Amino acid sequence: MSLYLTHGSTAYSTNTELFDEIIHPQRVHWLPETYQKAKTGFIYAPHVLADMVLRPEKISWIRENPSIGKTAFILAGGNQHFAGINPRDNQKDTRLHYIYKFLPFSLTNVYAGRIAQQICDPDHISTDATACVSSLKVLMDCLMLEQFGYTRFIILSVEDAVSNSVLEFFGDSGASLTKRMEDEKNIVPSAFDSKNGGFYVGQGAAFAVLMSEKEVNHYGLTPKARLVSAYHCSEKLSNAIGQREDGKGYTDAINGALTYGQVNANEITIVKTHGTGTLSNNIAEKAGLQAVLKDFVATSYKQKIGHTMGASGLLETLLMLDNLAYGVVPGIPNRTENDSVFLSEDCEAPDGLVLSVAAGMGNVYSAAIFEPVR
């Protein structure tokens, strides 16, 4: 069984701004308009970000053209709540600081229910908090729901990534690239590189509609891609924020997707990597991919738009499909070595299937395989 991606929209920023007033000064990819009214406590930055991908013309089409079967709405938020509030004593009153006037609206499940009713007549509403794999992990959920008569799947993915809480956590852990790290190491974001590496945190959102083949044919639609398979798994490791150097989590997710979709590894020719550029992920992801795949090209988008956390898997996949529509696989920015696999330059897109992978804290990994419509 497979589903078809009929619509995808994204919101993100390629620009960066240095936040030097926060506890761990660092650059971020953000959309300042999302915070314009945040300090009122009534307008929440992640809700404004989500509105950027909920385009009125598409919502109207969804409501005017109901599913021929059942409709599922999934909010892939990467977290249980939007993280504007930081309860730690060292909270600083920065431009990102705001306090909710209505606390329940910060809960992703309440927000999901409200938005789902506005978009469609849902038969299923769920939220997903599986960290940075969230928006890829839910693709497996969609394939499973198809077996129960669901023919339309609406996915909204947004996380409050550029917030005091997130930036402090990633700054504390040394995961995001802080100003101090940039200055001391003289580096910029990249991935799979011996010199440059790391990522900035970024705001981002993705909205996607998937349909069964029968529903696509019913409405005479031309899809962007076919979702061939998706798989989610965990890695056996005692460190909940660590990664095995052998890339076992990646390997298991990829093999699961190949098996579920009855796909041979040599059919995968393009990989959208998780690509955070951290040393641990460079080692783990490269090992995991090369253990399964032999002839492929790989790229990463986090160096262009930042790490959008829970939204990153789906958002970056949609960007990849847009690039493939022009026949190009983009190179990974700021590479310092020539590399024809983990691309240092743009290349012509080879024929074949696309693999998209993601990893998240809590030892979680997801993989999805797409057949682009070219």
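Colleague: Which residue is the bridge partner of Val 28 in E7?

Modeller: In E7, Val 201 is the bridge partner of Val 28. This is a predicted model, in which local features need pLDDT of at least 70 and side-chain atom pairs count only at pLDDT 80 or more, while totals for chains, interfaces and linings use all residues. Residues are numbered from 1 along each chain as its sequence is written, and side-chain values use heavy atoms, with hydrogens and water left out.

Colleague: How do strand E3 and E7 run where two bridges join them?

Modeller: They run parallel, and E3 covers residues 26–29. Strands (E, at least two residues) and helices (H or I, at least four) are DSSP runs, numbered from the N terminus. Two strands pair if DSSP finds at least two bridges between them. Here the order E2-E3-E7 makes an open sheet of three strands with mixed pairing. Strand E2 (17–19) and strand E7 (201–202) are its edge strands, each pairing on one side only.

Colleague: In what order do the 10 strands of the other open sheet stand?

Modeller: The order is E5-E4-E6-E8-E1-E9-E15-E14-E10-E11, again with mixed pairing. Strand E5 (124–128) and strand E11 (297–299) each have a single partner strand, so one side of each lacks a neighbour in the sheet. On average, neighbouring strands of this sheet are turned by 25 degrees against each other, direction ignored. Strand E10 (residues 268–272) and E11 run parallel and are joined by three bridges; Ile 270 has Val 297 as its bridge partner in E11.

Colleague: At what angle to E1 does helix H11 run?

Modeller: Axes are lines fitted to C-alpha atoms, for helices over the stretch in contact, and angles run from 0 to 180 degrees between N-to-C directions. Helix H11 (residues 312–324) runs at about 105 degrees to strand E1 (3–12), and the strands it lies across also include E10 and E11.

Colleague: How is the packing of two helices described?

Modeller: One gives the angle between their axes and the distance between the axes. Helix H8 (residues 248–261) and H9 pack at about 35 degrees, with axes 8 Å apart. Their crossing is right-handed, that is, the near helix is turned clockwise from the far one by less than a right angle. Contact means heavy atoms within 4.5 Å; among the residues that make it are Tyr 250 and Ile 254 of H8 and Ala 284 and Leu 289 of H9.

Colleague: What volume does the largest pocket have?

Modeller: On a 1 Å grid over the protein atoms alone, a pocket is an open set of points with protein on both sides within 12 Å along at least five of seven lines, whereas a cavity is a set where a 1.4 Å probe fits but cannot get out; lining residues have an atom within 4 Å of a point. Points are joined across faces, edges and corners, and a volume is the space filled by probe spheres set on them. The largest pocket has a volume of about 670 Å³. It is lined by 36 residues, and those nearest its centre include Ala 175 and Phe 199. H9 gives the most to this lining, with four residues.

Colleague: How many cavities of 30 Å³ or more does a search of the whole structure find?

Modeller: The search finds two. The second largest cavity has a volume of about 40 Å³, and its lining includes Leu 5, Leu 139 and Phe 370. H11 supplies the largest share of that lining, three residues.
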